[in-house]
Amino acid sequence: MKKLFPTIFILVFLSPRFAHAQAGPYWATDVAPIFYANCTKCHNPNGIAPFPLITFSDAVNNSTNMVSQVSTGKMPPWPPDTTYNRFCGERKLSQAQIQTVVDWVNNGMQSGNLANAPTPPTYSGAALITNPDLTSQMPNYTVNTMTGGDLYRCFVMPSGISTTEYITSIEVLPGNRNIVHHVLIYQDQASTCVTLDNNDPGPGYTWFGDVGSPTATLIGGWVPGQGVYTLPTNMGIKLNPNSYIIMQVHYPAGTNNLVDSTQVRFVFSTGAVRNVTLSPLINYWSTMTDGPLDIPADSIKTFHAQFTTNFNGTFISCAPHMHLLGKVITNYAVTPSNDTVPLVRINDWSFHWQGFYNFRQLVHLPMGTKLYASATYDNTTNNPDNPNNPTPQEVYAGENTTDEMMIVYYAFTPYQAGDENIWIDSTVMAVPPVTAYGDVVKTPQLYDPFPSPSGPNENVNVQFFLPKDADVKFELFDVNGRSVFTENNSGAAGFGNEKINLHGLATGTYVLRMTADGTVRTKKVVVE
């Protein structure tokens with residue numbers, strides 16, 4: 001045995017499998033930070049997810065299908081295509097993070113030294129807005145649906161506010177996070193919703209889509225994982241005096257006889273504020289170009305919509321909306337100067353995961369900008385969410401879950417100079433590959449220079465996009481048409497950046513001209 005022991009010792013401890021296992025990754029130092037940053041807002045004892053992922057034991061006990069869920073991008077759920085546009089607060093794992101989780105599961109789910117793990121986040125459900133200017137809370141409601149399916153219940157509460165206010169922050173606190181799927185918040189000065197409430201054995205009344213009043217306006221919403229929604233500095237959503245607050249709460253199937261009492265907290269502006277409007281500028285009732293929205297049985301069909309803005313706007317966020325047959329929705333803008341601006345694309349639509357998506361940098365869309373959208377619907381048995389499986393039926397536009405919609409909501413405010421330089425989320429972002437824009441961008445694009453206005457000794461940054469490789473020429477002209485800067489480059493397909501040195505230039509307005517592939521684009525540069 002003495003002769004065998006060293007050999008066995010070496011074989012066991014130097015085998016490739018054991019050596020790989022010893023190398024990690026470990027829960028404490030590698031996996032926990034990923035889960036705490038991206039997963040536990042839903043996967044916590046008070047969250048809507050079916051199990052928590054707070055502790056090492058939580059993760060091990062719920063590791064079934066974890067590899068496939070993170071590898072395919074199903075978890076964490078983040079519908080927008082990040083190769084098309086980037087938004088604030090993305091729940092998206094990098095390829096390195098995905099590989100870490102996959103390796104951790106495949107290598108035996110090692111704990112590592114748990115003392116080295118980061119402090120677990122806590123999710124008590126307590127309010128983050130501790131001193132709200134207004135709190136509206138629905139009464140206790142026991143979910144009551146005869147069919148056992150989805151329920152959309154509206155609750156009406158007087159605001160008690162007698163003056164015009166501007167909402168700068170909103171926080172929705174679900175009374176029962178296990179059953180509240182999402183919440184939409186409206187205001188209305190009319191009593192239409194009060195009448196609907198009075199005519200329905202309460203509390204509240206059942207209504208899908210909007211809240212049943214033509215004068216009600218959307219002022220906010222909540223989806224799982226969302227905390228406080230705060231608008232950019234000096235911007236707010238107008239709350240009319242003596243209005244009612246109406247909360248539409250979605251209770252999913254399987255929640256019958258459970259109790260909820262959701263509340264919403266508001267913070268008002270303390271000074272001058274710019275009014276922010278929430279509006280479905282793209283919609284199936286007035287902007288479709290090939291409607292009506294009608295999907296025959298056993299068919300896959302795509303529809304298109306277009307809206308031309310009659311205002312000079314700064315866009316803060318967008319929110320696409322379809323129902324159960326929806327599969328893909330794409331939204332972009334073309335400005336009067338023919339700049340194509342990708343806004344949002346969702347390649348694998350899920351009715352159960354939707355929300356308002358805030359642009360990382362505010363988007364300036366001048367008056368006359370055309371908003372375009374396309375939406376594809378799958379009304380076949382290949383769609384697992386088809387409500388009429390196994391016998392598809394013709395589906396029309398309507399208010400029921402089993403009907404369909406095509407809407408894109410936007411939050412916007414009148415443009416002010418410099419808005420396009422405002423970043424809500426300035427974290428480093430990867431440049432999307434050129435293939436991401438090939439279906440909508442056909443010609444070279446020149447985007448607004450920044451900062452603008454610029455100082456006379458600064459560099460101005462210019463971002464441009466080339467659909468294919470091309471020689472690019474940049475020229476800067478003063479008000480007399482004299483060239484004060486020229487640069488020629490060989491540009492590769494995709495996004496590019498050019499820095500223009502303004503050193504020594506007099507204050508005033510200049511014109512930047514980009515020539516590429518036979519296309520000429522111009523932008524204004526202000527030096528002050």
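I'll start with a contact: W27, D30, V31, I34, F35 and N38 of α3 touch Q97, T100, V101 and W104 of α6, where contact means heavy atoms within 4.5 Å. Sorted by class, that contact has six nonpolar, three polar and one charged residues.

This is a predicted model, in which local features need pLDDT of at least 70 and side-chain atom pairs count only at pLDDT 80 or more, while totals for chains, interfaces and linings use all residues. Residues are numbered from 1 along each chain, and side-chain values use heavy atoms, leaving out hydrogens and water.

Now the geometry. The axes of α3 (residues 27–38) and α6 (residues 95–106) come within 10 Å and cross at roughly 125 degrees. The two helices are therefore oblique to each other; under 35 degrees would be roughly parallel, over 145 roughly antiparallel, 65 to 115 roughly perpendicular, and the rest is oblique.

Next, aromatics. The structure holds 19 aromatic pairs, meaning rings of Phe, Tyr and Trp (its six-membered ring) with centres within 6.5 Å; planes under 30 degrees apart are stacked, over 60 edge-to-face, the rest tilted. Y284 and W285 have ring centres 5.0 Å apart and planes at 85 degrees, so they are edge-to-face. F356 and Y409 make a tilted pair, 6.3 Å centre to centre with 45 degrees between the planes. F356 sits in the loop between β18 (340–346) and β19 (357–365) and Y409 in strand β22 (residues 407–414), so this pair ties together parts 53 residues apart in sequence.

Technical notes
Axes fitted to C-alpha atoms, helices over the stretch in contact; angles between N-to-C directions. Helix = DSSP H or I, 4+ residues; strand = E, 2+ residues; numbered from the N terminus. Nonpolar A, V, L, I, M, F, W, Y, C, P; charged D, E, K, R; others polar.
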